[in-house]
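This report is for a reader new to the structure. Please look at the sequence and the model before reading on.

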Amino acid sequence: MALSERTPQISIDHKKCSGCRMCEQICVFFHEREFNPRRARIKILAREKEGIYAPLLCNQCKTCLSVCNQDALSWDEKLGVVRVDSKKCNNCGLCIDACPQAAIFSDPISGVVNICDLCNGNPQCVKWCQPQVLAYKAA
Amino acid sequence: MTKWYGWMGIVLRVDLSTGKITKEPLSEDLAYNFIGGRGINSKILYDETGPTTDPLGPDNRLIIGTGPASGTLGLGNGRFTVTAKSPLTGILGDASGGGAFGSEVKFAGYDHIVNQGRAKKPVYLWVNDGEVIIKDAQHLWGKNTWETAELIREELGDGDIKTLCIGQAGENLVKYASPITNDERAPAETGMGAVMGSKNLKAIAVRGSQSVKVAKPERYEEIVRKWYEDIPKQHLTPLHKSVGVTYLIKLFNQVYNLGIRNSQELHRPEEEISHFFGENFVPKYLVRHISCFSCPHTSQKFVQIHDGPYAGEKGMRPEYGPLASMCTQLGVFDFPFGLKIVNMLNQYGIDAQELGPTMAMVFECYQRGILTRKDTDGLKLEWGDKKTILELVRKVVYREGFGAILAEGCLNAAKKIGKGAEKYAYHIKGKSHPDRLTAYIPAVLGFALASRGWDHLRGTVFPHVTPSSGPPKFWDYDAKYAKMVTDREHIDTAADSLEICKWLTEFELMEEGLGGVPRMAEVLSALTGVDFSEDRLHKACDRIYNIERAYLVKHGIRRKDDVPPRHFLEMPIPDGPSKGQTIDREKFEALKDAFYEMRGSDKKTGAPKRETLEQLGLKYVADDLEKTGVYKEGK
């Protein structure tokens, strides 16, 4: 399936990213009702000495689905996101290594991986991104 | 055991002499009465140090404080306060930092880190969640702050580690050395870097994976959302977004308040200073608009110079304060040089706002013949001489020859120089500042009463200054200014103790009445689940003010020390609409009467009265003051 035929996804205008990491904060706040960037499904990559910041975020490429051997990941056809079955995930890290976007993260509290679920169709990172780096639209 | 929301509930204590590390539970008394950040730091400092504490001795404390809002959402939540008895002023020392260090301390599971004692050899503290290790730092001694941060991250194998470290200035105990985090965020005031140096503490490195819990998540999100709706209403927002704080250079020049050549001039034709205007340097050098942790503003500008003698220099554009201190006050009007020198100060770890006025003082002494080349190791201290400025900074940092005198701070250096140099050393309680601002009496009152010496972040009322408004006229001494200053002190104290950025509270929204104590009380209640009414937060701010003031009184500070710098009183404004004006001492003293009365302080001594302290639950502080004899002086 060509990228353009996919369900709506988040686009990234990297050059606008200010490194505020509000996306990480609201991501965890939405999912867990607490603050802890290590639990986020998005991460800001920082090169402070160059003044460069870039969001690492799932683009629903599905690579992870093919490497998981615990049957913990599945494709949600309706929303177009990867779902993690926390009972099956054993935090082995294969999907983390395989992700071309480097956008899968191991959660230090729950002990399973977190993958962007587009907040069930209303991505909070987009809503809270002040420099408007992120936009949610059909690719 | 208290179930904590907002707060993490743990104070980490590190004794660098013995290597003992303890995790103390945060008490409800501390949290509910002193909130966090600056508030709890000041209470710990008051309780654990005093007049016999040598600021550079092992008994001093170096306290890192986060607040209930640190590590949360959307209000500049990376902030933290560093507190110690100041080696510069000998009284309360503290400084607030931005970046992302404060939030990481929370994520590691701590509200405060209290360092005491002195390590035998250079060390750094590695705080990795519950694991706290004092590590050898001999290989880092002599490195600048940028190198140190990089080496620690490499050594510990984690690029996301946040550090607070000192450079060569802190190692050499320059009295106004500053720790640095994020390469350029400086809790700079009052020499906290020298205290770290005296403890052989090169750095604190932190990484955490704990969660900050929120008592009422929906309510908190709603408050922040509403806050954001109000930000565009604020008149400075467009300037702040597009240019950043450097716009003050232009505005202060327009209203004849830009300090030039040790404040001998307050204005230049715009074409001479236009290098510093955002509309010029942003299009030319901007790499990217940058924010601190979890802040809606992109007020910082990462720039890179690609022409002239400083080509290749890159970093965050300096703010107004460092530029005024290190450029205009020294007669330099060159933005690329400003970036160069401020990068250098951040690498050495030294406070621009004390160094600049100290250098400006000796340049003026040289201009007036008080100093000659015989005194300055052969340096010709001529205004605007960039090469000499760079060389003198190096000599200060390494305490080399004439530089060692300047390393003591503006007032102390002037005393050492003698021959009338003190006349050109502008300070309050031993702390300098680049501002002139004589035209605003409420601002000057805030300066004079601030608890850490001359300071614009602790009760200074700035008027609306816009290009179209023209110079505001505050030449009257209306008693209502006492209330304005007290109100502003409470806003600043609340922001410093919750650890919310002042750009979202004091500066940005105050004129519209939107960023004040009521709103911060809502934030505090939603985060912590403790019912903080507006009055309760006001009372906490009052308590924090009074314990800080009592600390000063114990160190001999009295009403006579609450005075504007000498040039405000003695040197008429040289130019512009307020030409010829000075502060009227008598009227200013009458205004102070109104202030002390409002604060429940004794008018004769400026000390908090016993009943004021007792009402705030600080009877033991009143008993301490009793022992100093200050209450007898008041009679």
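## Conventions

This is a predicted model, in which local features need pLDDT of at least 70 and side-chain atom pairs count only at pLDDT 80 or more, while totals for chains, interfaces and linings use all residues. Residues are numbered from 1 along each chain as its sequence is written, and chains are lettered from A and ligands numbered from 1 in the order in which they are written.

Helices (H or I, at least four residues) and strands (E, at least two) are DSSP runs, numbered from the N terminus.

## Chain A against chain B

In the model, 20 residues of chain A are in contact with 25 residues of chain B; contact requires C-beta atoms, placed from the backbone, to lie within 7 Å. On the chain A side, α1 (22–32) and β2 (34–35) each supply at least two residues. α1(A) gives the most, with 4 residues. This side of chain A divides into 8 nonpolar, 6 polar and 6 charged residues. Here Ala, Val, Leu, Ile, Met, Phe, Trp, Tyr, Cys and Pro count as nonpolar, Asp, Glu, Lys and Arg as charged, and the others, Gly among them, as polar.

β2(A) is also joined to strand β12 (residues 212–213) of chain B by 2 bridges, and these strands run antiparallel. Strands pair if DSSP finds at least two bridges between them. In this pairing, E34(A) stands opposite K213(B).

## Domains of chain B

Chain B is divided into domain 1 (10–207), domain 2 (234–278 + 319–432) and domain 3 (441–633), with bounds from an automatic or database domain assignment. The centres of domain 1 and domain 3 of chain B, taken over C-alpha atoms, are separated by 26 Å.

Their contact takes 36 residues from domain 1 and 29 residues from domain 3. On the domain 1 side, α1 (28–34), α2 (37–48), β4 (80–85) and β5 (92–97) of chain B give two or more residues each. The largest share, 7 residues, comes from α2(B). By class, this side of domain 1 has 12 nonpolar, 19 polar and 5 charged residues.

## Two packed helices in chain B

Helix α7 (residues 217–230) and helix α21 (residues 517–528) of chain B pack at an angle of about 155 degrees, with their axes 8 Å apart. Axes are lines fitted to C-alpha atoms, for helices over the stretch in contact, and angles run from 0 to 180 degrees between N-to-C directions. α7(B) and α21(B) are therefore roughly antiparallel (angles under 35 degrees count as roughly parallel, over 145 as roughly antiparallel, 65 to 115 as roughly perpendicular and the rest as oblique).

The contact is made by R219(B), Y220(B) and I223(B) of α7(B) with E522(B), V523(B), A526(B) and L527(B) of α21(B). These residues divide into 5 nonpolar, no polar and 2 charged.

Conventions: Two residues are in contact if their C-beta atoms, placed from the backbone, lie within 7 Å.
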